[in-house]
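Here is a short report for a first look at this structure. Keep the sequence and the 3D view open while reading.

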Amino acid sequence: QLQVVESGGGLVQPGGSLRLSCAASGFSLDYYVIGWFRQAPGKEREGVSCTNISGGSTNYADSGKGRFTISRDNAKNTVYLQMNSLKPEDAAIYSCAVDTTVQTMCWVLPQVTDFDSWGQGTQVTVSS
């Protein structure tokens, strides 16, 4: 199984920003669609954003449109999620995942079932 590790979470005030990173270990992210997901306490995991192999196709949940930006730096083997204007309702564990079996081209919001290699997640807390 391919391994990815998230980082960059933390405590931020409402209106603040965080940049999450998803770094691959032992393989190249170049060839895969990558998704970001989040899960808040008591809620199901939901898709936040995805990027296709070239980075030319991205998708966002309505909750993040205009505030979140996904990008990939293949030279660093890392995918980022820049989150601006954070709200308390953005608080969750954020995870990145890899679609290793080509279930999606990121033409629609990422679905949990399309991704099979998951990181452990990074906690995002938005509070004053």
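## Ground rules

Helices (H or I, at least four residues) and strands (E, at least two) are DSSP runs, numbered from the N terminus. This is a predicted model: local features need pLDDT of at least 70, side-chain atom pairs count only at pLDDT 80 or more, and totals for chains, interfaces and linings use all residues. Residues are numbered from 1 along each chain as its sequence is written, and side-chain values use heavy atoms, with hydrogens and water left out.

## Overall build

The protein chain has 0 helices and 11 strands. Read from the N terminus, its elements run β-β-β-β-β-β-β-β-β-β-β. The radius of gyration of the protein chain is 13 Å, close to the 14 Å that the globule rule gives for 128 residues, so the chain is as compact as a globular protein of that length. That radius is taken over C-alpha atoms, and the rule is 2.2 Å times the number of residues to the power 0.38. Along its principal axes, the C-alpha trace spans about 40 × 25 × 25 Å.

Contact means heavy atoms within 4.5 Å. Take the contacts between residues at least 6 apart in sequence: 61% of them join residues at least 24 apart.

## Surface and charge

How much of the protein chain is buried? Buried residues make up 45% of its 128 residues. Buried means under 20% relative accessible area, exposed over 50%, and partly exposed in between (1.4 Å probe, protein chains only). The protein chain exposes about 6500 Å², and carbon and sulfur atoms supply 48% of that area. Accessible areas come from the Shrake-Rupley method with a 1.4 Å probe; for residues, only the protein chains shown count as cover.

The protein chain carries 9 positive and 11 negative side chains. The centres of the two sets lie 7 Å apart. Lys and Arg count as positive, Asp and Glu as negative; His and the chain ends are not counted. Each charge is placed at NZ of Lys, CZ of Arg, CG of Asp or CD of Glu.

## Two buried serines

Ser 49 is found in strand E5 (residues 46–51). Ser 49 is buried, with a relative accessible area of 0%. A polar atom of its side chain lies 2.8 Å from the backbone oxygen of Asn 59. Beyond residues up to four places away in sequence, Ser 49 touches several others, including Trp 36, Tyr 60, Ile 70 and Pro 110.

Ser 95 lies in strand E9. Ser 95 is buried too, at a relative accessible area of 3%. Leaving aside neighbours within four places in sequence, its contacts include Glu 6, Trp 36, Arg 45 and Trp 118.

## Two loop residues with positive phi

Most residues other than glycine have a negative phi. Asn 77 is not a glycine, yet its phi is positive, about 55°. Asn 77 sits in the loop between strand E7 (68–73) and strand E8 (78–83). Asn 77 is buried, with a relative accessible area of 16%.

Val 102 also has a positive phi, near 55°. Val 102 lies in the loop between strand E9 (92–99) and strand E10 (117–118). Is Val 102 buried or exposed? Val 102 is exposed, with a relative accessible area of 62%. The C-alpha atoms of Val 102 and Tyr 32 are separated by 7.7 Å, although the two residues are 70 residues apart along the chain.

Note on methods:
Polar contact = N/O pair within 3.5 Å; in protein donor to acceptor, adjacent residues only side chain to side chain.
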